[in-house]
Amino acid sequence: MNTTIYLDYAATTPVDPRVAQRMIECLLPSGEHGNPSSAGHAFGRRARALVEKARAQVAASIGARPENIVWTSGATESDNLAILGVARFHADRGRHIVSSRTEHKAVLDALKQLEREGFEVTYLKPDSQGIVHPQQVSEALRSDTQLVSLMHVNNETGVIHDIAAVGQLCRERGVLFHVDAAQSVGKLPIDVQAQCVDLLSVTAHKAYGPKGIGALYVRRQPPIGLRPILHGGGQESGLRSGTLATHQIVGMGAAFELAAAERESDCARLRVLRDRLWQGLAAIGNVELNGHPEQRVSNVLNASFHGVEGESLQFALRELAVSAGSACSSASEEASYVLRALGRSDQLAQSSLRFSLGRFTTDAEIDIAIDAVGREVRRLRQLGNAS
Amino acid sequence: MSFEVSSEVDYSPTVIEHFERPRNVGHFDPAPDVIVATAGRRDQGVQFHLSAQVAGSVIRAVRFEVYGCPHCIAAGSWLSQRLVGATLDELRSWSWREAADALQMPAEKRGRLLILEDAVRALAEAWGRLA
């Protein structure tokens, strides 16, 4: 057993104890454990009331109305439902989709599936700082484009896309706009009305809620044609069948309410810690920041370390739970496709680490991280001095 | 916030020991009794640099530098001890399998030891030229 400092909040967050308490109350015999679809008895009706309260909490946090929220198992399912659902429903209207090379695999793999079904996808290349610009989207739109899918915040670099500008131009051109916002809840304000978003994917476990629950915002006025990918009991207006997981939904609602209420104070604190971490890393020398220096969320720092082999860096820093630019130790040596899209070499991408801070990160942990990275990078560089 | 977690890694205790405390890191300055060899490329992820002092028919001391994964660092360190006392013939016939067994290298990493074998062979050639 050893003590590892958790700096991987962009991968997942622990459940906030305040959220966990609300969830536990739904699981016990004394709590609201009924099936929300069992309208014939009080257990079911009370569970339904909690589900609807959570729906309102999630809706409020993104500027939506409760009836716009469809519960899913997480952002992957939300992305799939949005992309596959829209494309298949409107296949006779057009078979062209615009997205970017740095989307999450949940989007990219859904798009690949559509390519197998005869759709054509334009993958926009970000600039060297990781940004896909609205002008690029505008230029990629065609008469047969039916959907644009662009992430709000990139999961590896933390860079922010101007979704309001993209939403505006999609609305003007009559093209549906999907946003993967898995990384932005609690970090950035989201207003689907003002930002002209038609479909928006969110997940609980990146915002101190439980894993296994997410939601898709679906614009209702005017309605979007969406073909479900799961069939069964007809829950969620037929868009997502399956018994509603009351405790997880309650957890997501509570987590999103907290995320909205505490966003500004959380972000202000984390920005100070993140900037101090960067100052400490930059002082090592030959360290490069990945992603736009300002246009990024407050808690993510992705850096490349010249002259250090990626797997050794990751192993040397195993006292820190961070994400690496490769999955080297698992024998898959493919470098991060996101960092490669920014123009980083395979070697440099593999020598990159993503530090993502969160609600429970402390000043002392940042000090330990700076010391550990400096010590190990210098040691590894010395080991390879002449080679 | 810190979490207590169990350490689950794919590295043998020998690899971890050499990675944490590598022996004989560095290189010998050029001298009449010093031989050097380099194999691999940094842009391909592995590079070994070996230098050795020879004393008569045997190697007296070895220094190594390496750019590579923890297995490569451990292999360089392990080899720097293993080659002390070796003869030219032993160097010429040295096989990567010995390091793979000693370090319990996983199959997918064994290819990298071929680069170390190349470095040892190049060291033998340098010794041959010295002789």
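Is R48(A) buried, partly exposed or exposed? R48(A) is partly exposed, because its relative accessible area is 27%, where buried stands for under 20% relative accessible area, exposed for over 50%, and partly exposed for what lies in between (1.4 Å probe, protein chains only). The structure is a predicted model, in which local features need pLDDT of at least 70 and side-chain atom pairs count only at pLDDT 80 or more, while totals for chains, interfaces and linings use all residues. Residues are numbered from 1 along each chain as its sequence is written, chains are lettered from A and ligands numbered from 1 in the order in which they are written, and side-chain values use heavy atoms, with hydrogens and water left out.

The predictor gives the complex an ipTM of 0.91 and a pTM of 0.92. For chain B the mean pLDDT, which is the predictor's confidence in each residue on a scale from 0 to 100, is 91, and 92% of the residues of this chain reach 70 or more. Over residues 1-8 of chain B, however, the pLDDT is below 50, and this stretch has 24 contacts in the model beyond near neighbours in sequence, a contact being a pair of heavy atoms within 4.5 Å.

R48(A) has a partner in E52(A), with which it forms a salt bridge whose closest N and O atoms are 2.8 Å apart; the term stands for a side-chain nitrogen of Lys or Arg within 4 Å of a carboxyl oxygen of Asp or Glu. Both residues lie in helix α2 of chain A, four residues apart, about one turn of the helix, and helices here are DSSP runs of H or I with at least four residues, as strands are runs of E with at least two, numbered from the N terminus. E52(A) is also partly exposed, because its relative accessibility is 30%.

By this rule there are 34 salt bridges over all chains. One of them joins the side chains of R82(B) and E98(B) at 2.3 Å, N to O; R82(B) belongs to helix α2 (residues 70-82) of chain B and E98(B) to helix α4 (residues 96-103) of chain B, so the pair ties together parts that are 16 residues apart in sequence. In chain A, R375(A) and E376(A) meet through their side chains at 3.1 Å, N to O, and here R375(A) is partly exposed at 42% relative accessible area, whereas E376(A) counts as buried at 8%. A network of salt bridges links D16(A), R18(A), E262(A), D266(A) and R359(A).

Helix α3 of chain A, residues 75-89, has 15 residues and reaches 20 Å from its first C-alpha to its last, close to the 21 Å expected at 1.5 Å a residue, the expected span being 1.5 Å times one less than the number of residues. This helix is mostly covered, with 12 of its 15 residues buried, among them A75(A), L81(A) and V86(A).

Two loops of chain A also hold buried residues. G31(A), in the loop between α1 (17-27) and α2 (42-61), counts as buried because its relative accessibility is 8%, and its C-alpha lies 9.5 Å from that of R46(A), a residue 15 places away in sequence. Q195(A), in the loop between β6 (176-180) and β7 (199-203), is buried with a relative accessible area of 12%; leaving aside neighbours within four places in sequence, Q195(A) is in contact with I163(A), A164(A), G167(A), P189(A) and I190(A).
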